[in-house]
Each structure stands twice: as C-alpha cells, then as structure tokens.
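Me: Can you walk me through this one? I've got the sequence and the 3D view open.

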Amino acid sequence: MRMRHFLIYGAATMVLSGCGDFSSPDTALGQHQIDPKTGLVIRNVDVAQIMRGEAVYVTNCAGCHGPNGEATPDWRKPNPDGKYPPPPLDSSAHAWHHSTDVLKKTILKGTPPEIGSMPAWEGILTEHQVDDVIAWIKSLWSDEIYDIWYKNFEDK
C-alpha cells in the first residue's frame, strides 16, 4: 500500500514539475522549494531510494519499530530495566526532531546503552542502506511534519 502511494506521489511530482508551477531547476539539484499554494516545503523524493529503504527497514528494523514505523503505544515509558522502548519513526514521535546527520549517527552507532537498546548498525548496513532507510523514514512523515522538520532541523 505504501509503495503504491509513493509511486503515485512520484508520478504526480514528475507531472507537476513538468508544469513549472511547483518546481524550478534547483529542485533537480536537491534543493527544496516552497509550494506557493500551501507554503510547505516540496519534498524532493527519490521513489527508488524509498523503496530500497523500505526493504532494508522491513528486514532489519521492523521487528522493534513496527512494520510501519509505529512502534508501541508505551514508547515514552521506560521498561523495567530503565531503558526506553523503540520510539515510533512516523509523525507521532520525535524522530523528526533530529537532522539527517543525527538520524544517521543514531542508526550507525546505536543508542547510548543507558537510554535504549538500539544496536549499532555500522559494519552491518552500508552507509548507502542507512541513507535509504532514512529516506523511507522521512516518507512516513506528514507534509506538515516534514515542513517543520526541514525548516527547523535540516535547513540550517
């Protein structure tokens, strides 16, 4: 279902960018533009990267974070060992409060052992795979959350 959504989204993005109303040549260079109608950042997505990221996520991350990044309802409550359970990665939690660099570092290095149980994926996943997973995680965020994230954490 999610892939169908992104294939439709990707096709719509290509059609709209061809119209010139929502895009400029800077978008092709990885620059984000603002939609003049909504004021929200226009996502510059690579559907193939999102699909690769979903495959890596399902294989390596879904067991803890849930199949759609939803995690568990009690993710804010520490376990008996004092460690927090895996948080949701969708718009409902705090993943979007971190820049791409921080997300990448967390995946590669894991969480501090006194806080959580996320293992380090460095040496297991390639940096390319980590980048793909992060692209998939960002695809879970609503347009409004993505806009807030980009303007406050990424566009610095």
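Me: Is H65 buried or exposed?
Reply: H65 is buried, with a relative accessible area of 9%. Keep in mind that this is a predicted model. The cut-off for buried is under 20%, so 9% puts H65 in that group.

Me: Where does H65 sit?
Reply: H65 is found in helix α4, which covers residues 62-65.

Me: And which residues does H65 touch?
Reply: Leaving out residues up to four places away in sequence, H65 touches Y57, E70, A71, P86, P87, L89 and M118.

Me: OK, zooming out. How many helices and strands are there?
Reply: The protein chain has seven helices and two strands. From the N terminus on, the order is α-α-β-β-α-α-α-α-α.

Me: How much of the chain is buried?
Reply: Of its 156 residues, 36% count as buried.

Me: New topic: salt bridges. How many are there?
Reply: The structure holds six salt bridges. As background, side chains of opposite charge can pair when their charged atoms come close.

Me: Let's take D143. Which residue is its partner?
Reply: D143 pairs with R43, at 3.2 Å from N to O. The two come from distant parts of the chain, 100 residues apart: D143 is in helix α7 (residues 143-154), while R43 is in the loop between β2 (41-42) and α3 (47-60).

Me: Are those two buried or exposed?
Reply: D143 is partly exposed, with a relative accessible area of 40%. R43 counts as buried, at 7% relative accessibility.

Me: What does R52 pair with?
Reply: R52 forms a salt bridge with D132, at 2.9 Å from N to O. This pair also links distant parts of the chain, with R52 in helix α3 and D132 in helix α6 (residues 127-139), 80 residues apart. R52 counts as partly exposed at 35% relative accessibility, and D132 counts as buried at 2%.

Me: So how do α3 and α6 cross?
Reply: Their axes come within 7 Å and cross at roughly 100°. Angles of 65 to 115 degrees count as roughly perpendicular, so that is the word for α3 and α6.

Me: Which residues meet there?
Reply: On the α3 side you have Q49, I50, R52, G53, E54, V56 and Y57. They meet H128, Q129, D131, D132, V133, A135, W136 and S139 in α6.

Me: How long is α6?
Reply: α6 has 13 residues and reaches 18 Å from its first C-alpha to its last. That is close to the 18 Å expected at 1.5 Å a residue.

Me: Which of the α6 residues are buried?
Reply: V130, D132, V133, I134, A135, W136, I137, K138 and S139 are buried in α6.

Me: Which residues make up the network around K104?
Reply: K104, E127 and D131 are linked in a network of salt bridges. Not counting residues up to four places away in sequence, K104 touches E127, V130, D131 and I134.

Me: Which other residues of α5 are buried?
Reply: Along with K104, the buried residues of α5 are T100, L103, I107 and L108. They cover an arc of only 125° around the axis, which puts them on the same side of α5.

Me: Why would residues spaced like that line up?
Reply: An α-helix has 3.6 residues a turn, so residues three or four places apart point the same way.

Me: What does that buried set pack against?
Reply: The buried residues of α5 pack against α6 and α7. On the other side of α5, D101 and K105 are exposed.

Me: And what follows α5?
Reply: G110 follows α5, and its phi is positive, near 80°.

Note on methods
Residues numbered from 1 in each chain as written. Predicted model: local features only at pLDDT ≥ 70, side-chain atom pairs only at ≥ 80, totals over all residues. Heavy atoms only, no water. Salt bridge = Lys/Arg side-chain N within 4 Å of Asp/Glu carboxyl O. Helix = DSSP H or I, 4+ residues; strand = E, 2+ residues; numbered from the N terminus. Buried < 20%, exposed > 50% of the residue type's maximum accessible area, 1.4 Å probe, protein only. Arc of directions from axis to C-beta. Contact = heavy atoms within 4.5 Å. Expected span 1.5 Å × (residues − 1). Axes fitted to C-alpha atoms, helices over the stretch in contact; angles between N-to-C directions. Parallel < 35°, antiparallel > 145°, perpendicular 65-115°, else oblique.
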